[in-house]
Amino acid sequence: MKEVDARGLSCPEPIMLTAEALKSANGPVKVLVSEPHQKTNVEKLAKDRGKKTTTKEIDTGFEIVIE
Amino acid sequence: MNLYDSRKKLAVAGVLCGVVAAVLAYFGNPANMAFCIACFVRDMAGSLGMHQAEVVQYARPEITGLVLGAFFISVATKEYRSTAGSSPMIRFILGMVIMIGSLVFLGCPLRMVIRMSAGDLNAWVALVGFILGVATGTFALKKGFSLGRSHDTGKESGAVLPILLIGVLVLGVMGLLKASEAGPGSMHAPIILSLLGGLVFGALAQKARMCFAGGIRDVILMKNFDLLTVIGGVFVVMLVFNLAMGKFVVGFDTPGIIAHSEHLWNILGMYAVGFAAVLAGGCPLRQLILAGQGSSDAAVTVLGLFVGAALCHNLGLASSGTALNAETGEVVAGAATPAGKIAVIICIIVCFIIAFTNKRENVK
């Protein structure tokens, strides 16, 4: 699974990296972010692209799997 | 509760923030300054004696309120996170650039919107520069600009700035800090109202992710109008307020509103602000909010704002506003100063150097 580690990055980098990964990946993409608003932004982006997300909280933030 | 999951809620948050600004202006804050972050940080820097401009010294409770509002709401909603380590010194410089650009234009992006809502055409001219600056910063982001990762730190680190600002507030209330007896610094709403206004504004801005640079950046980058909706709310409320109070005056060179009509320098001042704000990840307001929710990196940017404000008044970089000469009745046009012009050019060059030397692939 393609992984984007955007933990600790400032906005809008997490969303830019996610968009880039979605463009090039065929299968699911795993995104790691630190902040709640970044989590929501990533989920929103996935929804806009017609994809499903599963999110779980991890020690260092959130892990979102987009498929 | 999220405010940023629907555009309607975001617009409501913007409207509420606009109401706070309007109420504070009604109860004594300088009319179309209402809730200017750059002006208020500058006043606070003056109250601490960091500069000696006697007309702009006052420990604005709004600034303490904003940071505390963001702090309390983020703790309550478990969004508080103490972080640091994403190129702090570069952020410090960006904070200085944001303040210098703001004081050459005479207002931060929030005040630009407030001035636009009062019919001040200079602010509409400056908006062009602001959009171009944000666009340049966005271009750098697309080219891989990054200030690198922040990391979790001890919980206490993120609380330092909020605590320092409580200290400033207490000292100010006790009358131990400098306070202007004339000029904009002497005009203010009652302390308790300013503090409450700041708390409410800060909490709403935290929940709505309000950011003036981000609003335009997201439109350019992703055709996303969410953040711009919040700003639209502030604009509409202030427009109604100005119309109702008879303070809506369309024109350039309007005396008494602390603005000048040197178009090139209004544009370049806000160009520097827009550019630096995108590189720093947010406008001055957003920096205060991020600092409140635990980011030491944003807190360092805020310190850059303070030092930038001190430099502006110590070295004569801040512009003068168009004013009415009380004795002769003549309108004296405000202007950017020669030193301010040089400073803005240096600031823009510095932004370009920062924007195109800090690349994501270099970040480990």
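Reply: In chain B, 83% of the contacts between residues at least 6 apart in sequence join residues at least 24 apart; two residues are in contact if their C-beta atoms, placed from the backbone, lie within 7 Å. The model is predicted, so local features need pLDDT of at least 70 and side-chain atom pairs count only at pLDDT 80 or more, while totals for chains, interfaces and linings use all residues. Residues are numbered from 1 along each chain as its sequence is written, and chains are lettered from A and ligands numbered from 1 in the order in which they are written.

Chain B holds 14 helices and four strands, where helices (H or I, at least four residues) and strands (E, at least two) are DSSP runs numbered from the N terminus. The radius of gyration of chain B is 19 Å, close to the 21 Å that the globule rule gives for 364 residues, so chain B is as compact as a globular protein of that length. That radius is taken over C-alpha atoms, and the globule rule is 2.2 Å times the number of residues to the power 0.38. The C-alpha trace of chain B spans about 65 × 40 × 40 Å along its principal axes. Of the 364 residues in chain B, 59% are buried, a residue being buried if 20 or more other C-beta atoms, placed from the backbone, lie within 10 Å of its own.

Within chain B, the axes of helix 3 (residues 61–76) and helix 8 (residues 191–208) come within 6 Å and cross at roughly 45°. Axes are lines fitted to C-alpha atoms, for helices over the stretch in contact, and angles run from 0 to 180 degrees between N-to-C directions. Helix 3 of chain B is therefore oblique to helix 8 of chain B; angles under 35 degrees count as roughly parallel, over 145 as roughly antiparallel, 65 to 115 as roughly perpendicular and the rest as oblique. By class, this contact of helix 3 with helix 8 of chain B has 16 nonpolar, nine polar and two charged residues. Ala, Val, Leu, Ile, Met, Phe, Trp, Tyr, Cys and Pro count as nonpolar, Asp, Glu, Lys and Arg as charged, and the others, Gly among them, as polar.

The contact takes 19 residues from chain B and 13 residues from chain A.

Notes. Buried ≥ 20, exposed ≤ 12 C-beta atoms within 10 Å, placed from the backbone.
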